[in-house]
Amino acid sequence: AVLQFAGAVSPELGRLAKFKDVNAGAVDLHWVAESTDGLGNTTFISGSLVLPLGAPPQNTVLFWWGTYVSDTGSPTWDTDGENQLCSLTTILSSGIESCGGAAILKTLLPSTFESALIIPDYEGAGRIAPEDRPHVHPYHQSGTYERTLQDAITAIKTAEGQEFNLDDGNKLVISLPEQIVIGGYSLGGYASAASARGVMRSSISLPPGFEITGVAPMAGALDLETTFITVMVGAADYPQHYYIPYVVLGTLEEYDRFDLMPLIFSEPYSSTILKLYDGSVRQANTIRDGLPSEILEIFIPGLYDLLYKIWKTRVDESPNPEARPDIPAPGDLASDPTPEELATWMASAILHGNNILEGGAIWAPQELPVMLCHGAKDNEVPFFNSQTVLRILQENNHDPEKITTSFADLGDHQTEAIICLTEFAIWQYNL
């Protein structure tokens with residue numbers, strides 16, 4: 001659990017919003033910690049630790065952000081003021097984009113609700129040296145979020161009691177309460193459920209005494225299998241079709257099988273597509289411009305039809321994800337597989353252990369507080385994901401008083417983000 005702080009961002013106390021009468025600011029510390037990749041090799045992760053000033057934190061919140069494709073979208077990136085502490089008034093009047101993605105939580109949680117806030121960068125992005133990064137983030141591979149949760153908490157815990165001298169003469173002491181609320185939005189909604197499930201299933205462990213006291217998987221593709229089919233079938237009309245190759249490339253990263261790219265992607269994309277997702281391209285629009293409007297053109301002809309047949313057969317067998325059989329781990333694959341062998345391996349590698357709802361609500365014990373926030377007209381992550389989560393919770397006799405939902409017509413995926421994040425901040429405070 002090697003941890004190094006990259007330095008403190010001196011707060012400008014006057015521009016921190018007061019959601020209640022707490023006259024305290026916050027300090028944002030950037031950290032880098034040792035971790036492992038999907039094959040057990042040493043790698044590094046980074047993230048943001050935001051602590052309140054004037055009082056010790058009352059709980060710990062670990063929040064996963066949405067999809068981003070470059071370092072500049074990560075929570076620790078500060079260029080041009082992005083993702084730094086920001087005025088709530090500015091956010092509400094000008095939109096979340098006016099302050100950067102993570103700003104609303106960095107503003108609300110530490111200074112207003114006295115929480116220790118951890119926002120990890122996703123594996124492969126953030127404040128890690130180029131030689132320490134993988135080719136691409138293992139997108140929607142549940143293991144990466146499990147490992148990051150475990151290694152981030154463990155590393156930061158080792159720094160407890162460490163002091164920082166601030167520019168205003170005050171001292172900041174690292175303190176991390178053992179009660180953890182895990183939340184996230186969009187990809188972060190998926191990551192929050194995946195990482196919490198890892199703790200519940202004991203596939204990862206937290207330091208002694210730490211416990212999860214709430215989970216908020218908001219607007220995430222928890223039924224990844226059905227979502228992937230739905231997205232790919234309607235790819236021509238889907239506003240974020242660049243997610244599709246991201247899932248495939250993230251899978252190849254997790255299993256270190258980039259040798260399969262010429263068998264999966266047609267030219268010129270077999271030679272060019274990895275560069276679009278390696279963290280060097282700042283804007284998603286640039287990635288979209290490098291992809292065809294008909295996204296299935298990136299694949300070798302016939303491959304998608306084979307994948308779709310495998311997934312559709314499973315969905316037809318059971319429309320309910322928790323009733324489908326577990327997908328086995330991908331086995332060895334020859335260097336010259338048949339198209340059928342390749343499709344079978346890909347389906348297994350993409351979905352094995354990554355459909356969070358397989359096996360029911362195992363990630364959410366009946367007494368665990370759960371918050372679901374999802375716009376009914378979400379145009380990026382289908383609303384049925386949260387509807388399915390709610391149904392499974394109810395069918396597993398989850399305590400109804402422990403379930404909080406916000407399913408109104410909140411607008412599109414980006415507009416609903418600010419509503420869900422604000423509601424999350426209040427919800428976790430009242431646990």
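The model is predicted, with local features requiring pLDDT of at least 70 and side-chain atom pairs counted only at pLDDT 80 or more, whereas totals for chains, interfaces and linings use all residues. Residues are numbered from 1 along each chain as its sequence is written, and side-chain values use heavy atoms, with hydrogens and water left out.

The protein chain contains 13 helices and 11 strands, assigned as DSSP runs numbered from the N terminus (helices H or I, at least four residues; strands E, at least two). Of its 431 residues, 60% count as buried, that is, under 20% relative accessible area, with exposed meaning over 50% and partly exposed in between (1.4 Å probe, protein chains only). Among contacts (heavy atoms within 4.5 Å) with a separation of 6 or more, 75% are accounted for by residues 24 or more positions apart.

The largest nonpolar core comprises 123 residues, of which L249, I264, Y277 and F424 touch the most other members. Such a core is a set of buried Ala, Val, Leu, Ile, Met, Phe, Trp, Tyr and Cys residues joined through side-chain atoms within 4.5 Å. With 8 residues, helix α11 (residues 339-351) gives the most to this core. Beyond its neighbours within four places in sequence, F424 is in contact with V61, F63, L105, L109, V181, G183, A216, M218 and M371.

The whole structure holds 1 disulfide, defined as a pair of cysteine sulfur atoms within 2.5 Å. This bond joins C373 to C420, with an S to S distance of 2.1 Å. The two cysteines are 47 residues apart and link distant parts of the chain, C373 lying in strand β10 (residues 370-373) and C420 in helix α13 (residues 413-429). The torsion about the S-S bond is about -80°, and the disulfide is therefore left-handed. C373 is buried at 0% relative accessibility, and C420 is likewise buried, with a relative accessible area of 0%.

In total, 18 aromatic pairs are present; rings of Phe, Tyr and Trp (its six-membered ring) pair if their centres lie within 6.5 Å, with planes under 30 degrees apart counted as stacked, over 60 as edge-to-face and the rest as tilted. The rings of Y139 and Y246 are stacked, since their centres lie 4.0 Å apart and their planes are at 5°. Y139 is situated in the loop between β5 and α3 and Y246 in helix α6 (residues 243-255), so this pair ties together parts that are 107 residues apart in sequence. Y145 and Y190 form an edge-to-face pair, 6.0 Å centre to centre with 80° between the planes. This second pair links helix α3, which holds Y145, to helix α4 (residues 187-200), which holds Y190. Y139, Y238, Y242, Y243, Y246 and Y277 form one aromatic cluster.

D121 lies in the loop between β5 (115-120) and α3 (142-158) and is buried, with a relative accessible area of 0%. Its side chain makes a polar contact with the side chain of S46 at 2.5 Å; a polar contact is a pair of N or O atoms within 3.5 Å in which, within protein, one must be able to donate a hydrogen and the other to accept it, and residues adjacent in sequence count only if both atoms are side-chain atoms.
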